[in-house]
Amino acid sequence: MFRVTALLLTALAMQTAAMAQQEPKPDTVQVHGKALALSCAEWKRNQDGSWTSTGPLLVGTDTVNNVTLHGAKDTNVLEAKCGSGAAPAAKPPATEDPTKHARHKRHSAEPGDGT
């Protein structure tokens, strides 16, 4: 009788564990040490790869403004769910005509007057 009870309890525990693994966990980010459910609409990606909140966030019982997350540890979930996954492209320097190369001044090899 003990064996049957042990087998039933083991089977029940395995089913419970399997069901717990199948339930999707909500994506979260850490803000001020607390988990915050991720909503892509609340975040924007910056040129340097960091992410900034677009408005006030309710973190636990606190409302926080202007949150910026830096580094892979803090931004991996945002990158995976909300970003393209690619690093931001470097912004090219502004030039008058993008089809022309920057002009270099050439100096004469001869010494100037007054030497």
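**Entry 1, V29.** I listed the contacts of V29 in this predicted model, skipping residues up to four places away in sequence: K34, A35, L36, L38, W43, L69, D74, V77 and L78. V29 sits in strand β1. Is V29 buried or exposed? Its relative accessibility is 3%, under the 20% cut-off, so V29 counts as buried. I also checked one pair from the contact list: V29 and V77 lie 48 residues apart in sequence, yet their C-alpha atoms are 6.8 Å apart in space.

Next I asked which residues make up the largest nonpolar core. I found twelve: V29, V31, L36, L38, W43, W51, L57, V59, V64, V67, L69 and L78. Strands β1 (28-31) and β5 (57-59) each supply at least two residues of this core. In soluble globular proteins, nonpolar side chains tend to be buried together.

Beyond its neighbours within four places in sequence, L38 is in contact with D27, T28, V29, W43, V77, L78, K81 and C82. C82 took me to the next search.

How many disulfides does a search of the whole structure find? It finds one, joining C40 to C82 with an S to S distance of 1.9 Å. The two cysteines are 42 residues apart: C40 is in the loop between β2 (34-37) and β3 (43-45), and C82 is in helix α2 (residues 71-82). The torsion about the S-S bond is about -80 degrees, so I noted the disulfide as left-handed. C40, at 29% relative accessibility, counts as partly exposed, and C82, at 23%, counts as partly exposed too.

Methods:
Residues are numbered from 1 along each chain as its sequence is written. This is a predicted model: local features need pLDDT of at least 70, side-chain atom pairs count only at pLDDT 80 or more; totals for chains, interfaces and linings use all residues. Side-chain values use heavy atoms; hydrogens and water are left out. A nonpolar core is a set of buried Ala, Val, Leu, Ile, Met, Phe, Trp, Tyr and Cys residues joined through side-chain atoms within 4.5 Å. Buried means under 20% relative accessible area, exposed over 50%, partly exposed in between (1.4 Å probe, protein chains only). Helices (H or I, at least four residues) and strands (E, at least two) are DSSP runs, numbered from the N terminus. Contact means heavy atoms within 4.5 Å. A disulfide is a pair of cysteine sulfur atoms within 2.5 Å.
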